[in-house]
Amino acid sequence: MAAPPMVAGIGINYGQIANNLPSPEQVVPLVKSIGATKVKLYDADPKVLCAFAKTGIEFTVGLGNEYLAQMRNLDRARAWVKNKVQAFLPDTKITCIAVGNEVLTSNNTVLVESIVPVMENVHTSLVELGLDKQVTVTTAHSIAVLETSYPPSTGRFRRDLTGCMTKVLDFQCRTGSPFLINAYPYFAYQASPKQVTLDFVLFQSSQGILDTSTNLHYENMLFAQIDAMYSALSAIGYKNLTVHVSETGWPSKGDANEVGATPENAKKYNGNLMKIVSQKKGTPMRPDHEFNLYVFALFNENLKPGPTSERYYGLFNPDGTPVYSLGIPAKDGNSNSNTTSSGGSGGGSAIWPPPPNGYLSITSSSVRRFYV
């Protein structure tokens, strides 16, 4: 089985590693104001799930890395599904459970060995409760699962991860769940600003790149990252799986060495990204597949560890004011921005040689984010 393509839409990651955030009831209108129809949590916070009851907004709830070892016990997995998912249906539209986050690149043997058994236990619990047709089970991967990724047609999984990845993919093919990736062009730019053009990562007019193996032209890096993942899936026999972007975003502030972390660049990245999604077009390799993505993140989160940028990915400040204008119409039809930046391709294609390590191989893995 292949996971059916889902209707394209904008989602938002709702993290809560902060001590100054508004109540979930106050968050509901903020989510609606940006036109988001999907929310992804890193847990299954009952206050959030209750606040969004009967709003029609779809939820992906998370089963955190810290719970995976104990969830290898079917009884515990069954209890979690009953208490964290079934208890809120049907009023809250929970459609997906994300088991763990970036587990295969965590260098944690216990997590890696637990991921498939826990996914199986959660799915079995859903089947027992008659919920498996409305709630899928998946897991999110870092782009760092790729060994090669430039040009996109050469995308391949790391050889040391292929065995684990195949087990995950077998499960997903059998149950019909989407393949999730956390993709951040920001990290490629930050690591090699002289070799990665800012316009290319911000969805702005540029020469783009040409993949000479397929003759496909790429106008932005995110689409190239997605298609590299499609190539990797095809190379090991899973070409029909659907790739969704579970995280992508751009920080509005960073440390002195975090090049490009500015409000202006964050506004361009997220604003142009939302415009492209609204056009309902796919990537060059999958032009007929509308794609789903979740912007990271709803709020700036003041308690997140790591470099300054980690605390400044939010679209909103904790007081509910926008960090910057997105340049898209709000749901009520009124514009929420005066920005003029937009996506699009420039004249002519360029075969853009990668930095020594391959521009798409520069990922979040060394600096980011085991915050679940």
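The model is predicted, so local features need pLDDT of at least 70 and side-chain atom pairs count only at pLDDT 80 or more, whereas totals for chains, interfaces and linings use all residues. Residues are numbered from 1 along each chain as its sequence is written, and side-chain values use heavy atoms, with hydrogens and water left out. The chain holds nine helices and twelve strands (DSSP runs numbered from the N terminus: helices are H or I with at least four residues, strands are E with at least two).

**Barrel**
- Eight strands form a closed barrel in the order S1-S2-S3-S4-S5-S8-S11-S12, with parallel pairing (two strands pair if DSSP finds at least two bridges between them).
- Neighbouring strands of this sheet are turned by 25° against each other on average, direction ignored (axes are lines fitted to C-alpha atoms, for helices over the stretch in contact, and angles run from 0 to 180 degrees between N-to-C directions).
- Strands S3 (residues 58–63) and S4 (residues 93–101) run parallel and are joined by six bridges; glycine 62 stands opposite alanine 98 in S4.

**Helices**
- Helix H4 (residues 109–128) packs on the sheet and touches S3, S4 and strand S5 (136–142), its direction making about 155° with that of S5 (contact means heavy atoms within 4.5 Å).
- Helix H9 (residues 263–278) also packs on the sheet, where it touches strands S1 (10–13), S11 (243–248) and S12 (293–295); its direction makes about 155° with that of S12.
- The axes of helix H3 (residues 74–84) and H4 come within 9 Å and cross at roughly 60°.
- H3 is therefore oblique to H4 (angles under 35 degrees count as roughly parallel, over 145 as roughly antiparallel, 65 to 115 as roughly perpendicular and the rest as oblique).
- Among the residues meeting between these helices are Leu74 and Val81 in H3, and Val122 and Leu126 in H4.

**Backbone features**
- A cis peptide bond with omega of about -10° joins tyrosine 150 and proline 151; proline 151 lies in the loop between strands S6 (146–148) and S7 (156–157).
- Phenylalanine 296 and alanine 297 are linked by a cis peptide bond with omega near 10°, and alanine 297 lies in the segment after S12.
- Asparagine 107, in the loop between S4 and H4, has a positive phi near 60° and is exposed at a relative accessible area of 74% (buried means under 20%, exposed over 50%, partly exposed in between, with a 1.4 Å probe and protein chains only).
- Phenylalanine 203 has a positive phi near 65° but counts as buried, at 1% relative accessibility.
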